[in-house]
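Open the model in your viewer and keep the selection tool at hand. This tour moves from helix packing to pockets.

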Amino acid sequence: MASYWNVEIVDRVATVTISNPPANALSQAVLGQLSELLDQWENNDEIKAIVLTGEGRFFIAGADIKEFTQLNRDNAEEMARKGQALFNRLETFPKPIIAAINGACLGGGLELALACHIRLAAPEAKLGLPELNLGLIPGYGGTQRLPRLVGRGKATQMILTSEMIGGEEALRSGLVEAVYPVEQLLAEAQKLAAVFASKSAITLKFALASIHNTTELSLSQGLEQEAKLFGDAFATEDVKEGVTAFLEKRKPQFADR
């Protein structure tokens, strides 16, 4: 089987590039390999942060439309649930994932990016959910995650018109966190990932879990969990190192324990 994801690990940052020419479409085989990679990354102590990007001019231009010709009412719903489960796993992954959106990021590609923890884009990137042009709606979480980032009105406009927006508008809308020239984008994403990788792996996991639950729990429930995780942090060796390093005016050397 072809390998659709190229992985390079440097200084505990994994740079992962999808390679499925010509448009890096998310076929079921591509998604299956991503699921397997998540298992590997979660159990690999040499990886503390992940950057996802696309090969060539595309980030991910969407699903593999040829596969849609085999779908009916039942297996289409099954495909959607499978894709949603995979992207839910991305969203709740215990290591930070940055999407470096270098080009077209459409349909399932945008839904994947929405599930990442951070999104950076090039100005010329095109982001959108054009499923209604095919007589469909987004099926991998787009109708749920996009409104949470850009607001209900903007999301409704983007989905119902199938319009694409560029990187700068995505930044103004809150869809991405920063915009960089395409030739600098990957390096900037890797630089941010390196900052994440300098932290304790345990507290990265705690922080991501607590942040995720802002959309899952009430404020009082979220505060309760935050207090518990704050306490759990004090059971680690890393908190002792972090506090000691601060008092000694040096950089901490976390052991991830």
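**Stop 1: H4 and H5.** Select H4 together with helix H5, residues 152-161. Their axes come within 7 Å and cross at roughly 135°. Bear in mind throughout that this is a predicted model. Angles over 145 degrees would count as roughly antiparallel. H4 and H5 are therefore oblique to each other. The crossing of H4 past H5 is right-handed.

Now show side chains. On the H4 side, pick Gly142, Thr143, Leu146, Pro147 and Val150. Their partners in H5 are Arg152, Lys154, Ala155, Met158 and Ile159. Colour this contact by class and you get 6 nonpolar, 2 polar and 2 charged residues.

**Stop 2: H3 and H4.** H3 and H4 pack at an angle of about 55°, and their axes are 10 Å apart. This pair, too, is therefore oblique: H3 and H4. H3 passes H4 in a left-handed crossing.

Select Glu111, Leu114 and Ala115 in H3. They make the contact with Gly142, Arg145, Leu146 and Leu149 of H4. By class, the H3 contact with H4 holds 4 nonpolar, 1 polar and 2 charged residues.

Leave Glu111, Gly142 and Arg145 highlighted, as the next stop returns to them.

**Stop 3: the largest pocket.** Which residues lie nearest the centre of the largest pocket? Select Glu111, Tyr140, Gly141, Gly142 and Arg145. The whole lining counts 50 residues. The volume of this pocket is about 1,300 Å³.

Next, colour by element. Those giving two or more residues to the lining are helix H2 (73-91), helix H3 (108-115), strand E7 (118-121), helix H4 (142-150) and helix H8 (201-212). H2 gives the most, with 9 residues.

Finish with a class colouring: the second largest pocket is lined by 5 nonpolar, 1 polar and 7 charged residues.

Note on methods. Residues are numbered from 1 along each chain as its sequence is written. This is a predicted model: local features need pLDDT of at least 70, side-chain atom pairs count only at pLDDT 80 or more; totals for chains, interfaces and linings use all residues. Side-chain values use heavy atoms; hydrogens and water are left out. On a 1 Å grid over the protein atoms alone, a cavity is a set of points where a 1.4 Å probe fits but cannot get out, and a pocket is an open set with protein on both sides within 12 Å along at least five of seven lines; lining residues have an atom within 4 Å of a point. Grid points are joined across faces, edges and corners, and a volume is the space filled by probe spheres set on the points. Helices (H or I, at least four residues) and strands (E, at least two) are DSSP runs, numbered from the N terminus. Ala, Val, Leu, Ile, Met, Phe, Trp, Tyr, Cys and Pro count as nonpolar, Asp, Glu, Lys and Arg as charged, and the others, Gly among them, as polar. Axes are lines fitted to C-alpha atoms, for helices over the stretch in contact, and angles run from 0 to 180 degrees between N-to-C directions. Angles under 35 degrees count as roughly parallel, over 145 as roughly antiparallel, 65 to 115 as roughly perpendicular and the rest as oblique. A crossing is left-handed if the near helix is turned anticlockwise from the far one by less than a right angle, and right-handed if clockwise. Contact means heavy atoms within 4.5 Å.
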